[in-house]
Structures are given as C-alpha cells and as structure tokens.
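User: I would like a close look at one part of this model. Please keep it plain and go step by step.

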Amino acid sequence: MKKNQPIIEVQNLRVIYNQGESNEVRSLEDINLDIYSHEYIIIYGPSGCGKSTLLYSIAGLQAPTYGEVTIEDKKISQMSNKDKVALHQVGTGMIFQSFHLIPSLNVIDNVCIPKSFRGEKRKLRNKEGMKLLQRFSISEQFEKFPSQLSGGQKQRVAIARALANDPQVILADEPVGNLDSESSENVMKILKELNETDKKTIILVTHNPDHLHYADRVLHMKDGKIIKEDVNIDKRPKKIIRKEIFIGEEPAVSKELGILMRTFKNLSAQQTGALLVPFKSKQLLHYILSQITNEQLSAAENLLREFLFKNFNTKTLEKKLDADFEKGGANWNKQRAESFTRKARLMFEQAEIVKSNPEIAPVSLMDYLINTFDIKLSDSLRMRFESLLRLRIENKTDRSNLQKKLDDPIFLGGLGFHKSTAEKIAMETEVIMLLGYST
Ligand code: ADP
Ligand code: MG
C-alpha cells in the first residue's frame, strides 16, 4: 500500500435498519470518508447520530445497506471469510465503553484471547500478554477476574487485549464513557501514546467535546451524516508558541492585526481607520498587478485610495483607471482597468462576507478560491479546505501555517496542493483578510 493512499475508505455508505418497515431507521446516510495511516480521527456527535454504526461498519461488523468500506485496498464486501477473520483478529483492535471482558476468564487469559484464536502456544502468548499488562501497569492483577477490577483497570485490560495481535488500526467506541475523570484521562493518554509512539491509526467515537484536541481530524456527525470536518492545525507540526507583539510604547496589538502583520511587514498598529486605507490600496494594487510603470502605479494608487474612502464606486474606478493622466486617470488600457476592477470587486465581496457573515464565510471563500484557481476537490477534501479557511478567518492560524496545510500531503491532513498554488491561495486569502480588517 502506498503511503499517500488511505488505509480506510468509506464510499457512499448507508445503513438502514428495518428497511421498508414502519420502524425503519436511517442510521447512516451517504457517508464518504478517507482515513490515512497513523491518523488520529475522532467521530463526534450527539447520541443516536450514527457514530457506533459507522465505527462497526469500518470494523466489518456491520454490513452496509448501500456503499462500500475498503481497508488496505480490500473491499470488505468482497473479502473471503478468512480475510474477514484476519481483519477482526489482526487488522483491527476494538475497545468498547462497557469493556466486554469475559467474566469467567482471568486478566491474562482475557488479554490473550485474540492470540489463542490465532493458535499461539500458551506459554508464548502469556509472555507477550504480560508485557502488555506491564506496559499499562496492571501486571499485578494478571490472575484476577474482571469483577475484581476497577473500571479504569478493566479498560486497560481491554486495551491490552485490543493490542494482542498488534493491529494497525484501533477502533474505540466511547472508551471512557463509563470511567471517572482520572481513569478517563489515563485511558486517553494511552491512546495518544499508541498513536504517537506506536504509530497506530486511531478512530475514536465520543460525544465529549473535551477529547477533541487529541485528534488530527474531528468528523462532526448529525442525523447519520458527516456535517463538518475540523483539522487540528496545531497538532502536527508541534504547536507554534507565539510571542505577543509590542510596538514601541504601544500595548500588544490585537491577535487579528498581529497575524496580518506577519505577512504585511509595513503594517503597524498606528495605521487605524483612515491611515489603514492607503496601506490597503497599495497592497491590493501590488498584489493584482505585476508589471506596470511607476507613474501608472502611483496614479492608480491614488484612485484606489479614493475608492476605498468610498468617494466613488467600482464603475467610476474602472473608468478612471482607463482614462489618460491629463483627465485624472491612471493611463491604463481598458482591458486592464476592467480586469483589475472585476478582480478587486470579487475580493471586496469576500472581504465583506468575512467581516459581516463569519458563519458562511469559510464556504463562500472556499468556493471563490476553488473558482479562481480552478481546483478540483472531492467532497471530503472540500470539507477539509473549508475547515482550514475557517481557522484563518477565526484568526486561529496565520498565513504561513495555512499555506503549509494547503501544501501538506493529504495523508498528513493537508490538501496536497502544488507549492505555488498553496502560496497563491494563502496570499490571496491574506489580502482578503486585510481588506476586511478594520480598527
Ligand atoms: P450513536 O453511536 O451515535 O449513539 P448509533 O450508531 O448507535 O448512534 O445509532 C444510530 C441510529 O440507529 C439510532 O437512531 C439507533 O436507534 C439506530 N439503531 C442502531 N442500531 C440499531 C438496530 N440494530 N436496529 C434498529 N435501529 C438501530
Ligand atoms: Mg454509540
């Protein structure tokens, strides 16, 4: 399997219980999802939204009504029985909210069940099993029965059992739902370590928002659908620690301005209100135009400034850019004036939406950028793009981090754009953010 191929693909998956009956339940509706090796995915949503059904479908324990789940290039529906057994015993390890330990078996035998199914000799499997118990600090309990353990201990036994055959993928259904907060944290830390140190792919179901920071990606579910994807931009690479920016005697600038200042080096906290406008004109102009004489440039800059002060509208701007110097114009040609004004209008439109309608801004900006740069994206990557733009719009990240995510390969949570495309999109987004910025 190639590294940049998903380890798990879910295509048009629908699960309908009691189809055609009066008690029909549409548990999953057209789920599409790619999961890459070493990712930590959280499936998040309210009770009854279909999280467990999705997890069991990925595990091959729930048959789809329509659609397909593929694991390591094998379609589950086309697997032989032998392949399916291998998937359950070696390919995936499962952890449940209610542990599902076997009451009549002691701890070490519970842990080694998956090994005994594989026909491993008792002595060897117990030795490996004990190592896992040691790792999770429960080796002293090896002869106890489940009823003699605390909830946290039971879940650690269940995790050891899930790891017995060293599967690549760990599936966890509300694994801390029955635990007190200390045991919960302990189990969440173990899962984090399995992802980061053992490089396991983790898919965890939860309805607890406190856990979301552990994930590379959070898939939000509602009524059987994935309605949103959040990329945890600070998780990989490691969190960037930002210093407060001070200018002279001024207090620290706002976060929003601080982020813009990283790209626009001449932007300062003193440029408020009216003083900000010339700066915007210059940046917009320099961005949209590459080759033009200095005279044409400075005349246009003056016109743009008046436009930004709302002394005239885009139609007039277009006419004046085209007009001769003597007539107060910028001496451009008609075509350039037209295309410049069109582009500026589109960018202002987006800036206005970013400023006044943050709810729809990520989708709007995404559609605009997709159009502008002629990009083709699958539905799931559109969702990822949207979530990255949302982070920038909400000032939770900056241009360079956004650019990196746009450039990063898809399997690292990026969008896999060409380097120069990532650069252009990030810069255009930044100029739009600047146009929408006001003090
Ligand atoms: P979650 O894990 O998010 O709480 P589930 O995946 O367990 O949600 O359930 C999704 C929906 O499917 C719910 O409405 C639930 O009642 C229904 N459901 C789950 N299993 C069955 C089943 N075996 N028969 C009928 N309906 C079911
Ligand atoms: Mg559930």
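Which element gives the largest share of the shell around ligand 1?

Analyst: This is a predicted model. The answer is helix 1, which supplies three residues, the largest share of the shell around ligand 1.

Now take the whole shell. Ligand 1 is surrounded by Tyr17, Val25, Ser27, Pro46, Ser47, Gly48, Cys49, Gly50, Lys51, Ser52 and Thr53. Sort these residues by class. Four are nonpolar, six are polar and one is charged.

Two elements give two or more residues to the shell: strand 2, residues 25–35, and helix 1, residues 51–58.

One more place is worth a look: a pair of helices. Helix 14 spans residues 399–407, and helix 15 spans residues 419–436. Their axes lie 8 Å apart, and the two helices pack at an angle of about 145°. The crossing of helix 14 past helix 15 is right-handed.

Who makes this contact? From helix 14 come Arg399, Leu402, Gln403, Leu406 and Asp407. Helix 15 answers with Lys419, Ala422, Glu423, Ile425, Ala426, Met427, Thr429 and Glu430. By class, the residues of this contact divide into six nonpolar, two polar and five charged.

Back to your question, then: helix 1 gives three residues to the shell around ligand 1, the largest share.

Definitions and conventions: Residues numbered from 1 in each chain as written. Chains lettered and ligands numbered in written order. Predicted model: local features only at pLDDT ≥ 70, side-chain atom pairs only at ≥ 80, totals over all residues. Heavy atoms only, no water. Near = heavy atom within 4 Å. Helix = DSSP H or I, 4+ residues; strand = E, 2+ residues; numbered from the N terminus. Nonpolar A, V, L, I, M, F, W, Y, C, P; charged D, E, K, R; others polar. Axes fitted to C-alpha atoms, helices over the stretch in contact; angles between N-to-C directions. Left-handed = near helix turned anticlockwise from the far one by under 90°. Contact = heavy atoms within 4.5 Å.
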